[in-house]
Amino acid sequence: MALSVNVSTSIATGSTSKVRRSRPLLELLIGYGLILATIWTPRPYQQWLYLAAVAWIAVTSVISFPGWDAIGFRRGGFFASLWVVFAAMIVSAGALIVAIHINTLRHPISARGWLMTFGGYTVWSFVQQFLLQGYFLFRFLRLLPRREWAALAAAGIFAAAHLPNPILTPVTFLWGLVACFVFLRCRNVFPLAIAHALLGITVAITIPGPVVRNMRVGLGYLRYHAPHAHTPLLEPSPPRQ
C-alpha cells in the first residue's frame, strides 16, 4: 500500500511538473509566433494579427502574473542598474560626435517634431523591455535550467524579430543580452527602458534613414521606399565648415 501511494504521488508530481513547463512554452510559442506573423504580414491582415498578439500577451500575462516585482516594475534595483543609462548616454554621445564629423546627423525640425517623432518610440521602448524581460525572459527562466541560457534565448528571439535589418539585428542582440543580464541582477525594467529609448533615438538620428530603412523590420524593411527629398521626417544638420 505504501509503495502504491508513493508511486501515485511520484506520477502526480511528474504530471504537475509537465503541466507547469508546458504552459509557459505554449504561451511563449504562440505569443512570439503572433509577433512574427504581425511583422511579416501585409496590411490589412497585419492589423488583425497585431490585435491578436496584444490580446494573447495581455491575457496570458494576467493568467501567469507573478507579481510586479518579478517582471521588474518596482523601485528596488533602480539605482543599482542606473549605470546602464549613463553607459547608453556615453555611447550616444560618441555616435553623435562621429555622425557630426561624417555629416550624417539628422534631427526633427522643431520641438514638436521631436515629440511627434520620438515620443511614441519612447513609449514603445518601455513596451519592448516589458516583452523582453517581463514576458519572454520570465518564461525562458521557467523552461531552461540555467539563467545564462534563458538570457541568451531571450536576446536571440528579440534580435530575430528585427530581421532582416542588418543593422538592427546585431545591435538588438547585443542590447538584449546586456539588458537581460542586468535585469537578472537588479530586477528593474525602468532604467533598461530609458537606455533603450536613448540608444534607439541615437540610431535614428545618426544613421541616414535609407541606410537603416527608418528602423523597419520584417516585411516593412523589404518594402521600404525612401521618402521624397522635399518631405523629410528628419532635417540634416548643417555641414561642418
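**Briefing: a predicted helical chain**

The chain's secondary structure comes to 9 helices and 2 strands; helices (H or I, at least four residues) and strands (E, at least two) are DSSP runs, numbered from the N terminus. This is a predicted model: local features need pLDDT of at least 70, side-chain atom pairs count only at pLDDT 80 or more, and totals for chains, interfaces and linings use all residues. Residues are numbered from 1 along each chain as its sequence is written, and side-chain values use heavy atoms, with hydrogens and water left out.

**Overall make-up**

- Along the sequence, the elements follow the pattern α-α-α-β-α-α-α-α-α-α-β.
- Of the 241 residues in the chain, 37% are buried. Buried means under 20% relative accessible area, exposed over 50%, and partly exposed in between (1.4 Å probe, protein chains only).
- The chain exposes about 14,100 Å², and carbon and sulfur atoms supply 71% of that area. Accessible areas come from the Shrake-Rupley method with a 1.4 Å probe; for residues, only the protein chains shown count as cover.
- Take the contacts between residues at least 6 apart in sequence: 75% of them join residues at least 24 apart. Contact means heavy atoms within 4.5 Å.

**Helix H2**

- H2 covers residues 45-63, and its 19 residues should span 27 Å at 1.5 Å a residue; the end C-alpha atoms are 27 Å apart, which agrees. The expected span is 1.5 Å times one less than the number of residues.
- Ala53, Ile57, Thr60 and Ser61 are the buried residues here. They cover an arc of only 105° around the axis, which puts them on the same side of H2. The arc is that of the directions from the helix axis to the C-beta atoms.
- Trp48, Val62 and Ile63 are exposed on the other side of H2.
- An α-helix has 3.6 residues a turn, so residues three or four places apart point the same way.

**Helix H3**

- The 20 residues of H3 (residues 83-102) should span 28 Å at 1.5 Å a residue; the end C-alpha atoms lie 29 Å apart, which agrees.
- Val84, Val85, Ala88, Ser92 and Ala99 are buried in H3. Their arc around the axis is only 90°, which puts them on the same side of H3.
- The buried residues of H3 pack against helix H6 (168-186) and helix H7 (190-206).
- Ile90 and His101 are exposed, on the face of H3 turned away from its buried side.

- Ala179 belongs to helix H6. Ala179 is buried, at a relative accessible area of 0%.
- Leaving out residues up to four places away in sequence, Ala179 touches Gln129, Leu132, Gln133 and Leu192.
- The C-alpha atoms of Ala179 and Ala195 are separated by 9.3 Å, with the two residues 16 apart along the chain.
- Gln133 sits in helix H4 (residues 111-143). Gln133 is also buried, with a relative accessible area of 1%.
- With residues up to four places away again not counted, the contacts of Gln133 are Phe138, Ala179, Cys180, Phe183, Val189 and Leu192.

**Aromatic rings and charges**

- The structure holds 8 aromatic pairs. Rings of Phe, Tyr and Trp (its six-membered ring) pair if their centres lie within 6.5 Å; planes under 30 degrees apart count as stacked, over 60 as edge-to-face and the rest as tilted.
- Trp68 and Phe73 form an edge-to-face pair, 5.9 Å centre to centre with 70° between the planes.
- Trp68 counts as exposed at 53% relative accessibility, whereas Phe73 is partly exposed at 28%.
- Phe65, Trp68, Phe73, Phe126, Phe130 and Phe190 are linked into a cluster by ring pairs.
- Arg139 places its charged end over the ring of Tyr135, 3.8 Å from the ring centre. A charge sits over a ring if NZ of Lys or CZ of Arg is within 6 Å of the ring centre and within 35 degrees of the ring normal.
- Arg213 lies over the face of Tyr221, 4.4 Å from the ring centre.

**Backbone features in loops**

- The Arg43 to Pro44 peptide bond is cis, with omega near 0°. Pro44 lies in the loop between helix H1 (2-40) and H2.
- The Leu163 to Pro164 peptide bond is cis, with omega near 0°. Pro164 lies in the loop between helix H5 (147-160) and H6.
- Asn214 is not a glycine, yet has a positive phi of about 50°. Asn214 is found in the loop between helix H8 (209-212) and helix H9 (218-222).
- Met215 is in the loop between H8 and H9, and its phi is near 60°, a positive value in a residue other than glycine.
- Asn214 is partly exposed at a relative accessible area of 35%; Met215 counts as partly exposed at 22%.
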